[in-house]
Amino acid sequence: MRSFYLPDLSEFHFFCFPHSVGNYTKPDQHHINRMEGVQDFSLHYIAEGSGYVELHHKKYELSKGNVFLHIPNDPMRYYQSEDDPWNIYWIQFYGNALSAFLLENGHYQSSVWTQSHASLIESSFEHLLDEIEQFNFLRPSRISALNYSVLIEFISHAIPLSAYRNLNNFEKITALLPEMQKKAHLPFELAIWSDKLGLTPHYFCSLFKKATKMTPVSYITKCRIQSSKQLLLSHPSMSIKEVSMQCGYPGNSYFNKKFMESEGKTPEEFRRLHLKA
């Protein structure tokens, strides 16, 4: 069992910083009742075991991979199962811009989620705990960065608990991403990729957007632009036409358009700017 309570460092104006962070591994008791008036945000990740959270007049049963977020002033009650005590990571944190940031990302109230890549948020918690255990609060900027790592892993891989039945398909889609990136220079055919998972194109697109926060075409475009940026700088003598063709765009004009939309400058301007740096 590890828990750390840090001094208030709000004078540093960090984007986020923890008041406390910890990991309780099958504690004898863990029953928390948060009343209105609690000003910190808090995030809890269940690594093992099970428990319950009561929120917005509903009771949710939680298990491995689930996460619950507490927004300031929201009443919330949570407790572990007596038969299956949990291994739970938690962090209480604050920051002036957090409300707007979470609202922008769809987390406008306390809520319950599951993680499509649970190992990533667990690793982020461990890095944060290790930092504080080794250095206390001597490196506050590092603590803030690791706090942000926990938060962004949660946001990037959060799936509403109501969509848990689709988690297996979400994992299949994320497992497909490296192959899609490798083949991004080839003509994109939605039916081929959806067939790989045995899904209809419409359902594939819906799940893809939920899993990655972008459409399949947007993902392919990002892969192509990334590849083109590498080629533009690593092969300065390669013509723009050659770059566009190697990245999956047979015509210069469309490549220039997509590159401009992504980078705010033409491929030639991008090359000229960065080769001078």
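This note walks through the fold, the sheet, the helix packing and the salt bridges of one predicted model.

1. **Overall make-up.** The protein chain has 277 residues, and buried residues account for 46% of them. Its secondary structure comes to 10 helices and 11 strands. The C-alpha atoms fill a box of roughly 65 × 45 × 30 Å along the principal axes.

2. **Surface and contacts.** The chain exposes about 14,700 Å². Carbon and sulfur atoms supply 52% of that area. Take the contacts between residues at least 6 apart in sequence: 72% of them join residues at least 24 apart.

3. **The sheet.** Seven strands make an open sheet, and the pairing is antiparallel. The order is β1-β2-β9-β4-β7-β10-β11. Strands β1 and β11 (158-160) stand at the edges. Each of these two has a single partner strand, so one side of each is left without a neighbour in the sheet. Neighbouring strands are turned by 25° against each other on average, direction ignored.

4. Strand β2 covers residues 17-25, and strand β9 covers residues 87-94. The two pair in the antiparallel sense over eight bridges. For a place to look, find V21, which stands opposite I91 in β9.

5. **A helix on the sheet.** Helix α3 (residues 140-157) packs on the sheet. Its contacts take in β2, β4 (41-48), β7 (66-70), β9, β10 (111-115) and β11. The direction of α3 makes about 65° with that of β2.

6. **α2 against α3.** Helix α3 also has a helical partner. Helices α2 and α3 pack at an angle of about 170°, their axes 9 Å apart. The two helices are therefore roughly antiparallel to each other. On the α2 side the contact is made by L120, I121, S124, F125, H127, L128, E131 and I132. On the α3 side, the residues include R142, I143, L146, N147, S149 and V150. E153, F154 and H157 of α3 take part as well.

7. **α7 against α9.** Helix α7 (residues 216-234) and α9 pack at about 95°, with axes 11 Å apart. That makes α7 roughly perpendicular to α9. From α7, the residues in contact are T221, I225, S228, K229 and L232. They meet F255, K258, F259, S262 and E263 in α9.

8. **S218 in α7.** S218 is found in helix α7. At 31% relative accessibility, S218 counts as partly exposed, because that value lies between the 20% and 50% cut-offs. S218 and F204 are 14 residues apart in sequence. Their C-alpha atoms are 14 Å apart in space.

9. **Salt bridges: the count.** Side chains of opposite charge can pair when their charged atoms come close. Here the count comes to 10 salt bridges. Three of them are described below.

10. **R2 with E126.** R2 forms a salt bridge with E126, and the closest N and O atoms are 2.8 Å apart. R2 counts as buried at 18% relative accessibility. E126 counts as partly exposed at 24%.

11. **E131 with R139.** The side chains of E131 and R139 meet in a salt bridge, 2.7 Å from N to O. E131 is buried, at 5% relative accessibility. R139 is partly exposed, at 36%. E131 is also one of the α2 residues in the contact with α3.

12. **K258 with E261.** E261 forms a salt bridge with K258, the closest N and O atoms being 3.1 Å apart. Both sit in helix α9 (residues 252-263). Because they are three residues apart, about one helical turn separates them. K258 is buried, at 16% relative accessibility. E261 is exposed, with a relative accessible area of 52%. Elsewhere, salt bridges that share partners join R2, E126, D130 and E133 into one network. K258 also belongs to the α9 side of the contact with α7.

Methods:
Residues are numbered from 1 along each chain as its sequence is written. This is a predicted model: local features need pLDDT of at least 70, side-chain atom pairs count only at pLDDT 80 or more; totals for chains, interfaces and linings use all residues. Side-chain values use heavy atoms; hydrogens and water are left out. A salt bridge is a side-chain nitrogen of Lys or Arg within 4 Å of a carboxyl oxygen of Asp or Glu. Buried means under 20% relative accessible area, exposed over 50%, partly exposed in between (1.4 Å probe, protein chains only). Helices (H or I, at least four residues) and strands (E, at least two) are DSSP runs, numbered from the N terminus. Two strands pair if DSSP finds at least two bridges between them. Axes are lines fitted to C-alpha atoms, for helices over the stretch in contact, and angles run from 0 to 180 degrees between N-to-C directions. Contact means heavy atoms within 4.5 Å. Accessible areas come from the Shrake-Rupley method with a 1.4 Å probe; for residues, only the protein chains shown count as cover. Angles under 35 degrees count as roughly parallel, over 145 as roughly antiparallel, 65 to 115 as roughly perpendicular and the rest as oblique.
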